[in-house]
Amino acid sequence: MFNNNKNKQTAGDDKQTGTDRNGQVEQLLVPDLEQNMERLQRFLGDGADIVCRMLTHRSFPNQRYTLFYMDGIVDGASIGTMLLGLLEDANKVTEDTEGLYTHLIDRSIAVGKIRSATAIEEVGYAMLEGSSVILVEGSLKAILIDTTGGESRSVEEPTSQTVVRGPKEGFTENLRTNTALVRRIIKSPKLRFDYKVIGRETRTNIAVVYLQGIAQDDVVQEVHRRIDQIEIDAILESGYIEEFIQDKAFTPFPLIQNTERPDAACAGILEGQVVIMVSGTPFVLIAPVTFVKFFQSSEDYYQRYDISTFLRFIRVASFFISMLLPSLYIAITTFHQEMLPTPLLISLAAQREGVPFPALVEAFLMEITFEILREAGVRMPRIIGPAISIVGALVLGQAAVQAGLVSAAMVIVVSFTAIASFVIPAVNMGSAARLIRFALMILGGSFGLFGIMSGLMVLLAHMSGLRSFGKPYLLPFSPLIVSNLKDTFIRVPWWAMRKRPIGMSSNRVPNQHRIGGGKRPDPDQEGA
Amino acid sequence: MITPRQLASTVILFLIGSSSLFLLGGNADRDAWISVIIGMLAGLLLLSCVTLQIQKLEPDRNLIEIFKLYFGRIIGFMFGFIYIIYYCYKCIRNVRELADLSIMYLLPDTPLSMIILMICLIGGYAVIGGPGVFFRMVEVLLPILVMIYVVLFILLLSAGLIDLGRLLPILEKGFKPVWDAAMPEIISFPFGEMVLFLMFWRYTAEDGDGTVMRMTIKGYIFAGAFITIMNIITIGSLGQFAGWSVVPLLQATTFVQLGNILERIDPLVSLLLFSAVYVKLTAYYLGASIAFAYLFRVKLRIAAIPVGIGIYVGSFWFRSYMHQVNVGFESNLKFHFPIFQIVIPIVLLLVMLMRKKVRSRGNHAGDD
């Protein structure tokens, strides 16, 4: 409604109109500089951050021109050099036929990337993205100069996925920095960046990154298709995109991976995954992804394979502990006491003697308490930190046990569960375990081991039905691909992982092998 | 689409299914394992000469479609319908086995109706996902379950419970009781139950070189060997008691004590049996739902609801576990199941062969 009205009105005001690609009426530039300036100002809403500088060229004294840019989102240094070049332009015009417009483009502007535009809207949107604009009197075209810049965070160590060994660079909020970080790692001409703009109001830049020939073509097309279908007014974080493009709407499991680490993103690209970068967030999306990927850290590939395999087992065990331990404790203490050795049973029973609640309620209380503590830890101002830990550890833990509100064993169970949940490298998989935990606790409290088993069966059926961009979530376990098992919950040495994951990357023959055969270190061979 | 490996996995778990609950061929006492081998070989003959042949003649149709094609609309519908009843009944038996097992070993105080409801719901959830989801699920479950079984066997062995001397003397009373125990009971349960796969084979990705047949038979032989070994272990550890106890395998594991850490592992073992029986009942539930969907031309998701309700209500027909086992072993295995597993498939195969012959003769006549 609003748009239509505005278009009608402007169309009435100015006769100089045309239609753009979307069929919308747009205002074309007119020869009159003053009128163009006024219309551009009006289009951008006369903000105080719009800088407008009127200039004359010494070779064209009768033709004025204006430099427009938005302060703060342009690169100060480029503006400086450009202004200097324009003001000090000593180039003599050799031919009279050469207009100021052409002269400026060809000889004066000291910036690499320029283009021209004919409509006020195009000029305005370019300025909103950080371009500078030169309007020339008498010319129907404006010069757009790419001076995008302004303040942004520098490349720092990622905070969410830390490693002991490995690169310490992390993505930033700046899309250009992020693409450069990837380019710097994969110096291949096959690396493709497809750019898109999404969000009616935010006009957020998005880059789809993949290696041509290694990523599967249909996956890349599917990523494009799904992103193009998004209709939204604003994209503030890659999470917006994730919810639009994931295969199944209702599932606790993440169907798209995210990372803050360029090396992890590149590892994905090199295995045929597609990376989606969103301007304004350091978290890039990686798809398609399988269940096991969430238990792998990029550090696994930098450390020796034996310790990596061990750590992966620890992570999987932690996932199951974080999901199952409270419910198992409830189920066994409530329904299956006979499973426990007698001394342990007696000690547990003695602890629970004064506790006024059934085990299920007790566990729920403690779990919710922990979730509150955890959330408080994330949200609180940093200065209050110690207070929270004192209250949390002493009052809610020790004092609650001494007061007989909860049993000590339950505190141990809940704390262990909590610690285990932090071991999973992917935070979103940890969240899945957190949510499932509560459902399983209810099942365990009402149906014992039978209920937990039922819950696990439903979970397995659910996971068997999940897909990420058409790839079965449980790959390579189901459907079983034996050669892919080398990099799942175990990791074999690099020289033994000759093939890229089958099914995930393109299966054109020359791309299959990433490592030459027979590269196993063997000291005896060298002498011979 | 189902991969051949998923098919084999499902055949294995389906056959192991609830057969580990009972001492198969218990009438043959310590020679039960020989009965199992005989039953397995006879079942293999039935599978490769009848059931798989039907599939080979019509690789892209399931049983219901084959019935409709060869017996006409009305008789085909009737045959399809009684097979839905048969699948549902088999499913009901498994639901009851699972429910009663749970009440006996895990949840003595929980009402039966609640447990049956839970079982129907978790079965239904997998069924609604369709055959793709179910078969993928089984592929993941199989290695886990086989691993646990192996650990269990090792535990039984290391606890010194297995004494193969209990199998001796072999064939003490001659061959007749062994043969009687195998025919037709062990064919009917579990080996003849492969007739259910007539509902699933057509979903397998076939590359035209008999992969379906090969993988099915491989899975069958693996499962047969597994069941035989389990039988030997049960007899070896319990001896004469094996025939008397409610669930012999569980009985055997109650004697296992893992140091002082786990006093009794039988709840864990019952979970193992739980998974296998769950796979079996879901397979039947899925088969019945697919049959229902084809017969009444509705979507699988919709078909799963009436079938599920039927299974839930039908489960209360048995008065107790003993009643269920008794009905099963005394009458079903001897008289009822062979009709569905042997008689009807053979009749169907003969009709198919005859029609094919008539048709090919007709074609020849046309050529002349």
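Start by colouring chain A by domain: domain 1 covers 13–146, domain 2 covers 175–289 and domain 3 covers 305–472, with bounds from an automatic or database domain assignment. You are looking at a predicted model, where local features need pLDDT of at least 70, side-chain atom pairs count only at pLDDT 80 or more, and totals for chains, interfaces and linings use all residues. Residues are numbered from 1 along each chain as its sequence is written, chains are lettered from A in the order in which they are written, and side-chain values use heavy atoms, leaving out hydrogens and water.

Next, select domains 2 and 3 of chain A, whose C-alpha centres are 34 Å apart. Here 19 residues of domain 2 are in contact with 14 residues of domain 3 (heavy atoms within 4.5 Å). Helix α7 gives the most to the domain 2 side, with four residues.

Then show chain B beside chain A: 31 residues of chain B are in contact with 31 of chain A. The two chains bury about 2800 Å² between them, 75% of it from carbon and sulfur atoms (accessible area, 1.4 Å probe, lost on being put together, summed over both). Highlight B:Met118, B:Tyr125 and B:Arg136, which supply 23% of the area that chain B buries against chain A, more than any other three residues.

Technical notes. Helix = DSSP H or I, 4+ residues; strand = E, 2+ residues; numbered from the N terminus.
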